[in-house]
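Below is a short briefing on one predicted protein model. Read it with the sequence and coordinates open.

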Amino acid sequence: MQKFLLILVIIISAAACQDESRQELINPIETETEQDSIPTLTGEIIFVGDAAVFRGDSFVYGVSIDSMAQVLAEQVKPYQKEEFDMVSVKVKGKIVPSRNQEGWEEDIEIREIIEILETKKVSDSIEE
């Protein structure tokens, strides 16, 4: 009789454990997806000396020269035909008030280089 009760208790406890794991499968834990607060911007960039400018369709920002900006400067060099050519890029960056009193009101701190876009050669001459 005691063996029968012991076996019965083991079976009931095993069945109870299985129900908990099934419950987790039935109701999976919901995870929250966090949106990226750093905007992705596409525009043209030019580096001149120790300064840079990032220009898009509706904005113009100065560029905070830090390690990421220096990496980008090296990556865009092969795409420039002349020293003052602008290169199209897609970057993630934080827009901050400019520390310089001259120039633009806002700067972009480049956080991630997404890609360097192929630029189309604009003709210098006007065809009639």
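Apart from neighbours within four places in sequence, Arg 99 is in contact with Ser 64 and Asp 107, where contact means heavy atoms within 4.5 Å. Arg 99 and Ser 64 are 35 residues apart in sequence, while their C-alpha atoms lie 9.1 Å apart in space. The model is predicted: local features need pLDDT of at least 70, side-chain atom pairs count only at pLDDT 80 or more, and totals for chains, interfaces and linings use all residues. Residues are numbered from 1 along each chain as its sequence is written, and side-chain values use heavy atoms, with hydrogens and water left out.

**Loop between β4 and β5**

- Arg 99 lies in the loop between β4 and β5; helices (H or I, at least four residues) and strands (E, at least two) are DSSP runs, numbered from the N terminus.
- Arg 99 counts as exposed at 70% relative accessibility; the classes are buried under 20% relative accessible area, exposed over 50% and partly exposed in between, with a 1.4 Å probe and protein chains only.
- Asn 100 lies in that loop between β4 and β5 as well, and its 55% relative accessibility makes it exposed.
- Asn 100 and Gly 62 are separated by 38 residues in sequence and by 9.4 Å in space, C-alpha to C-alpha.

**Second largest pocket**

- The second largest pocket holds about 250 Å³ of space.
- Its lining has 14 residues, and those closest to the centre are Ala 51, Gly 62, Val 63, Asn 100 and Asp 107.
- β2 and β3 each supply at least two residues of this lining.
- A pocket is an open set of points on a 1 Å grid over the protein atoms alone, where a 1.4 Å probe fits, with protein on both sides within 12 Å along at least five of seven lines; lining residues have an atom within 4 Å of a point.
- Grid points are joined across faces, edges and corners, and the volume is the space filled by probe spheres set on the points.

**Nonpolar core**

- The largest nonpolar core has 19 residues, and Ile 45, Phe 47, Phe 54, Val 63, Leu 72, Val 76 and Val 89 have the most contacts inside it.
- At least two residues of this core come from each of β1, β2, β3 (60-63), α2 (67-76), β4 (87-97) and β5 (106-116).
- Such a core is a set of buried Ala, Val, Leu, Ile, Met, Phe, Trp, Tyr and Cys residues joined through side-chain atoms within 4.5 Å.
- Not counting residues up to four places away in sequence, Ile 45 touches residues including Val 53, Asp 85, Met 86 and Ile 110.

**Salt bridges**

- There are three salt bridges in the structure, each defined by a side-chain nitrogen of Lys or Arg within 4 Å of a carboxyl oxygen of Asp or Glu.
- Arg 55 and Glu 44 form one of them, at 2.2 Å from N to O.
- Arg 55 lies in strand β2 (residues 51-55) and Glu 44 in strand β1 (residues 40-48), so the pair ties together parts that are 11 residues apart in sequence.
- Arg 55 is partly exposed at 38%, and Glu 44 is partly exposed at 23%.
- Lys 77 pairs with Glu 74, with 3.2 Å between the closest N and O atoms, and Lys 77 is partly exposed at 48%.
- Arg 111 meets Glu 109 at 3.0 Å, N to O, and Arg 111 is partly exposed at 41%.

**Whole chain**

- Two helices and five strands make up the chain's elements, in the order α-β-β-β-α-β-β.
- The chain has 128 residues, of which 25% count as buried.
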